[in-house]
Amino acid sequence: MELNEIKSLWNEMSEKIEAQEVLTNSLIMEMTQQRYKNTFSSLKFYETIGGIICLIAGFALLFNLDRLDTWYLLTSGIICVVYLIGLPLITLNSIWRMSKLNILNKNLKQTLTDFYKRKRQMLLIQQLGIAFNFLLVIVSLPVIVKISNGKDLFLEPAQMYWYVPGMFLFLAVASRAGYRCYKRIAASAQKTLEELEG
Amino acid sequence: MQNHLDFTAVIKANEGIIYKIVSMYCDTREDKKDLYQEIVYQLYKSFDSFRGDSKVSTWMYRIALNTSITHINKKKRSGTQIPFEIERFTETTEADQSALENLKLLHDLIAQLSAIDKGIVLLFLEDKSYAQIAQITGFSESNIGTRMARIKTKLKNKHLNNL
């Protein structure tokens, strides 16, 4: 079918559509008010809750760092604090930047370029998060055990023998699925950015 | 209050534009309703800053296309919906049935285009000149010409494959 034929079909359909009035004044205002409420209620709820939990845990750990009495426990504690406070802040910031994308004063090309650049940035941060999870698995348990009951797991590593491989296996399975999903989304974002240049 | 009245008048006068864009970008009735409401909301947000430098329809196309492309990527509906009838055609009359078939045919043909090409082809079908399409999308006029030539070939091949 030629584009001219499509155009004549389109014009025919347009005439019918434009002859109909479906919306009323009150319906239009209801839509805007409801959507305004939704903007606040549909903020990334789980990401925000997860981020807040991490921040609370990070600060709780920060105030207990003095109980980590060896250099390796202290280093592990600092890594946990940086992870628990830093990563949620970076992640929440990238999500916030995505949701604050200004589409009102830009044309289609600018909007899409901004959208996909921010999306790629967000995916990169999430991928970094996956990688850091493996490090956290190793360092978090000795820190928690030391703070909660004073034991140094690096000196009595028996509990680590089942915990570390178990958690690694769990993380590897979860990360593989997550990574493949991120890779697919990132590839689609990249393709659109390339198309914008073309 | 006057502002609300102006806004509703503009939306009512151009609601066909929103419907056509929504039909181009969404498949299901629920997705169409969700995107429709989002577009109305985004138009409302930008209504105060619209100073009439361009035509109302140009402003609407720009906001609606930007909203559609960013919204469909979220793949998640935004909470509570206002109940309203989205479909313009029913299958009860012959004229509506034929319009519905044409709409489906157009949708099938255009469905495989990228989000950007869909926007460009929609503006072309709406009788916009290359200069107007360039103004709304931000691409140069010559780039629009090149893209349109590619789109024409794609649609022709797709139609031949469907035969």
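Which residues of the largest nonpolar core touch the most other members? In this predicted model, the core in question comprises 50 residues, and those that touch the most other members are Ile18(B), Ile21(B), Val22(B), Val40(B) and Ala64(B). When residues up to four places away in sequence are left out of the count, Ala64(B) touches Ile17(B), Ile18(B), Ile21(B) and Ile39(B). Apart from this core there is a second, separate one of 9 residues, which includes Leu61(A), Leu73(A), Tyr83(A) and Val143(A). In soluble globular proteins, nonpolar side chains tend to be buried together.

The secondary structure of chain A consists of 6 helices and 0 strands, so that its elements, read from the N terminus, follow the order α-α-α-α-α-α. Of the 198 residues in chain A, 17% count as buried. Among the contacts in chain A that link residues at least 6 apart in sequence, 74% are between residues at least 24 apart.

In chain B, helix α7, spanning residues 130-137, has as its buried residues Gln132(B), Ile133(B), Ala134(B), Ile136(B) and Thr137(B), and just after α7(B) the residue Gly138(B) adopts a positive phi of about 90°. Confidence within chain B is highest in α7(B), at a mean of 90, and lowest in helix α5 of chain B (residues 94-111), at 72. For chain B overall the mean pLDDT is 79, with 77% of its residues reaching 70 or more, while the model as a whole scores ipTM 0.73 and pTM 0.67. Where pLDDT is low, the predicted coordinates should not be read in detail.

Methods: Residues numbered from 1 in each chain as written. Chains lettered and ligands numbered in written order. Predicted model: local features only at pLDDT ≥ 70, side-chain atom pairs only at ≥ 80, totals over all residues. Core = buried A, V, L, I, M, F, W, Y, C linked by C-beta atoms within 7 Å. Buried ≥ 20, exposed ≤ 12 C-beta atoms within 10 Å, placed from the backbone. Contact = placed C-beta atoms within 7 Å. Helix = DSSP H or I, 4+ residues; strand = E, 2+ residues; numbered from the N terminus. pLDDT = per-residue confidence, 0-100.
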